[in-house]
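Visitor: I'm new to protein models. Could you walk me through this one?

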Amino acid sequence: MSATVPSSGLAAPAPADRVGTPDAQEAFVDGPDAVGAAPVRTAPWGADPYANALRTGRGPLFLRRSDGWLLPLDVERWCSDAGSADLSALHRCEGPVLDIGCGPGRLVAELASLGHRALGIDVSEAAVARTRGLGGAALLRSVFDPLPGEGRWGTLLLLDGNIGIGGDPAALLDRAADLLGADGLLIAETAPVDVDERVRVRLDDGRDGTAGRTAPASACDAEPFPWARIGTPALLRHARAGGWRTAGQWGAEGRTFVSLRRPVRERSARTSSQSAESANSAPVISSQLPK
Ligand SMILES: C[S@@+](CC[C@H](N)C(=O)[O-])C[C@H]1O[C@@H](n2cnc3c(N)ncnc32)[C@H](O)[C@@H]1O
């Protein structure tokens, strides 16, 4: 069976290294690590194919479904400077910014150079190391783990398909609402097609020459994990159901984005107790949290 490679709507410029300012990293370097002994879930994005791709700055790299469907991942673009579509999102950011699934860190570095307090989180050690190498602040942490500044972030970023993290966009929206401050902004990149799907995938570098078949040995070695792909109409439906307000909707360089205002609602019990924990350790971390 031949693989289906859906249009990712992503461009692939040549890789380029960049060095950002160290300010943001200094701002976060101690505090976030002081927030609880959070379990870090490294697999599967902590696995070799992704780490290798980030080390070299290039693919090929795919998300592979068991039926052979392939979603190409744009490693070259992620390892380049922020492009004009990225900037269309970054210029809308307000206050301190949390980049969820920051990857190799081009957005965190660019935000720092634009003068934002910005923190990246990622479950991949290679991604966090590369972000820090650009002078950006980054933590090895899942978005579902306790995080610094819960309930106080000005903007959350879910770009490059990251609305798919966890495989359940509605649950991720709920988590986002707990992280944002009142009236905070979520900027999400959507699939450039009208889709709303939950899948189980593996990372696959296609290096064994089997990309396109249903069961390559290298991909079968890894545990499949949940992922989602969602276009703008479906994301807006989920968001409205959760009480989010649409702040904007735009496209740039074939990519599509949505910005949403946090719903006015009680925070989850989990976040309330996390906030209490954070308050108890305030002397260590208060200066590191979003202002
Ligand atoms: C599609 S890639 C996006 C890359 C990235 N936005 C960039 O600029 O390079 C998804 C990223 O999300 C990270 N990730 C996956 N699950 C995560 C989670 N639960 N919490 C935080 N990051 C996660 C992966 O390690 C990976 O770097």
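**Reading the model**

Visitor: If I look at residues 97-133, how far apart are the end C-alpha atoms, and how much of the span is helix or strand?

Guide: The end C-alpha atoms of residues 97-133 lie 19 Å apart, and the span is 46% helix and 24% strand. Helices (H or I, at least four residues) and strands (E, at least two) are DSSP runs, numbered from the N terminus.

Visitor: What ground rules should I know?

Guide: Residues are numbered from 1 along each chain as its sequence is written. This is a predicted model, where local features need pLDDT of at least 70, side-chain atom pairs count only at pLDDT 80 or more, and totals for chains, interfaces and linings use all residues.

Visitor: What is the average pLDDT of the protein chain?

Guide: pLDDT is the predictor's confidence in each residue, from 0 to 100. The protein chain averages 80, and 73% of the residues score at least 70. Residues 211-220 have a pLDDT below 50, and that stretch has 24 contacts in the model beyond near neighbours in sequence. Two residues are in contact if their C-beta atoms, placed from the backbone, lie within 7 Å. Residues 1-42 stay under 50 too, with 105 contacts beyond four places in sequence. Where pLDDT is low, the predicted coordinates should not be read in detail.

Visitor: Okay, now the whole chain. How many helices and strands are there?

Guide: You get 11 helices and 11 strands in the protein chain. Take contacts between residues at least 6 apart in sequence: 74% of them join residues at least 24 apart.

Visitor: What percentage of the residues is buried?

Guide: A residue is buried if 20 or more other C-beta atoms lie within 10 Å of its own, exposed if 12 or fewer, and partly exposed in between, with C-beta atoms placed from the backbone. Here 48% of the 291 residues in the protein chain are buried.

Visitor: Which residues touch the most other members of the largest nonpolar core?

Guide: A nonpolar core is a set of buried Ala, Val, Leu, Ile, Met, Phe, Trp, Tyr and Cys residues joined through C-beta atoms within 7 Å. The largest one has 67 residues, and V108, I121, L156, L157 and L186 touch the most other members. Follow L156: leaving aside neighbours within four places in sequence, L156 is in contact with L98, I100, A176, L179, L180 and L186.

Visitor: Which residues are closest to the ligand?

Guide: For this, a residue is near a molecule or strand if its C-beta atom, placed from the backbone, lies within 6 Å of it. The ligand is surrounded by 23 residues, and the closest are W45, W78, G101, G103 and D160. Two elements, α5 (106-113) and β4 (118-122), each give two or more residues to this shell.

Visitor: Tell me about G103. Where is it found?

Guide: G103 is in the loop between β3 (97-100) and α5. G103 is buried, with 28 other C-beta atoms within 10 Å. Beyond four places in sequence, G103 touches W78, D122, A127 and D160. G103 and T131 are 28 residues apart in sequence, yet 7.3 Å apart in space, C-alpha to C-alpha.

Visitor: And D160, is that buried or exposed?

Guide: D160 is buried, because 21 other C-beta atoms lie within 10 Å. You'll find D160 in the loop between β6 (153-158) and α7 (169-179). Its phi is near 60 degrees, a positive value in a residue other than glycine.

Visitor: Which residues of helix α6 are buried?

Guide: In α6 (residues 125-133), the buried ones are A126, A127, V128, R130, T131 and R132. Just after α6, G135 takes a positive phi of about 90 degrees.

Visitor: Which peptide bond is cis, with omega near 5 degrees?

Guide: That's the one from G59 to P60. P60 is in the loop between α2 (48-56) and β1 (62-65).
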